[in-house]
Amino acid sequence: MPHAQARSANHDPLQHEFKATAVCLSALPGVRVQDVAASLYIHPFMLSRWRKQAREDEIMTKGVTVDPGVAAELKELRRVKKAYEQLKLEHAVLKKAIAFTSARKANALPSSSGSKKATR
C-alpha cells in the first residue's frame, strides 16, 4: 500500500509544475542554483538533478511562467548576500586594524613612561 502512494506522488501534476518552476527560476541570469534551492527548502543537488532532467526533456519547462516578483526577489537576495559577505570582510579587516593599533599603543606606553622617570 505505501508503495502505491509513493508511485502516485511521482505523477502529481503540482509536483511537476513545482520542479519546472524551480528549474526556470534557477535558469534566470544572476540567480544561483544554491539561492533558488535555499529559498525553496530543497537541497541544491536535487535542483541540479531536476535541471539535468529538464535538459533531457524528462521535465517539461516550456510554458512555465515565472512570477517577476519572485525572480526579482531572488536577484535581490543574491545582491544582499554579496553585500553581507563584503561587510563581513570589511569588519574582519577593521577588527585586525584595531587589534594592531591597540597592541602598538600598549607596547609604546611603558617605554614612554619609563623615559619620563629617567628625566626627572
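Modeller: One term before we start: a contact means heavy atoms within 4.5 Å. And keep in mind that this is a predicted model.
Biologist: Good to know. How many helices and strands are there in the chain?
Modeller: The chain has five helices and zero strands. Following the sequence, the pattern reads α-α-α-α-α.
Biologist: And what is the mean pLDDT of the chain?
Modeller: The mean pLDDT is 82, with 81% of the residues at 70 or more.
Biologist: Which elements have the lowest and the highest mean pLDDT?
Modeller: Helix 1 (residues 2-10) has the lowest, at 48, while helix 4 (residues 44-55) has the highest, at 94. Over residues 1-9, pLDDT stays under 50, and the model has one contact beyond four places in sequence for that stretch.
Biologist: What should I do with a low-pLDDT part?
Modeller: Where pLDDT is low, the predicted coordinates should not be read in detail.
Biologist: Okay, let's talk packing. At what angle do helix 2 and helix 3 pack?
Modeller: Helix 2 and helix 3 (residues 33-40) pack at about 145°, and their axes are 9 Å apart. Their crossing is right-handed.
Biologist: Which residues meet there, between helix 2 and helix 3?
Modeller: From helix 2, Phe18, Ala22, Leu25 and Ser26 meet Val33, Val36 and Leu40 of helix 3.
Biologist: What does the side chain of Ser26 reach?
Modeller: The Ser26 side chain reaches the backbone oxygen of Val23 at 2.8 Å. Not counting residues up to four places away in sequence, Ser26 also touches Val31, Val33, Val36, Leu47 and Arg51.
Biologist: Switching to Asp35: where does Asp35 have its place?
Modeller: Asp35 is in helix 3.
Biologist: And why does Asp35 count as buried?
Modeller: Asp35 counts as buried because its relative accessibility is 1%.
Biologist: Which residues is Asp35 in contact with?
Modeller: Leaving aside neighbours within four places in sequence, Asp35 is in contact with Leu74, Leu77, Arg78 and Lys81.
Biologist: Last bit, the whole chain. How much of the chain is made up of buried residues?
Modeller: Buried residues make up 17% of the 120 residues. The chain exposes about 9,500 Å², and carbon and sulfur atoms supply 61% of that area.

Definitions and conventions:
Residues are numbered from 1 along each chain as its sequence is written. This is a predicted model: local features need pLDDT of at least 70, side-chain atom pairs count only at pLDDT 80 or more; totals for chains, interfaces and linings use all residues. Side-chain values use heavy atoms; hydrogens and water are left out. pLDDT is the predictor's confidence in each residue, from 0 to 100. Helices (H or I, at least four residues) and strands (E, at least two) are DSSP runs, numbered from the N terminus. Buried means under 20% relative accessible area, exposed over 50%, partly exposed in between (1.4 Å probe, protein chains only). Accessible areas come from the Shrake-Rupley method with a 1.4 Å probe; for residues, only the protein chains shown count as cover. A polar contact is a pair of N or O atoms within 3.5 Å; within protein, one must be able to donate a hydrogen and the other to accept it, and residues adjacent in sequence count only if both atoms are side-chain atoms. Axes are lines fitted to C-alpha atoms, for helices over the stretch in contact, and angles run from 0 to 180 degrees between N-to-C directions. A crossing is left-handed if the near helix is turned anticlockwise from the far one by less than a right angle, and right-handed if clockwise.
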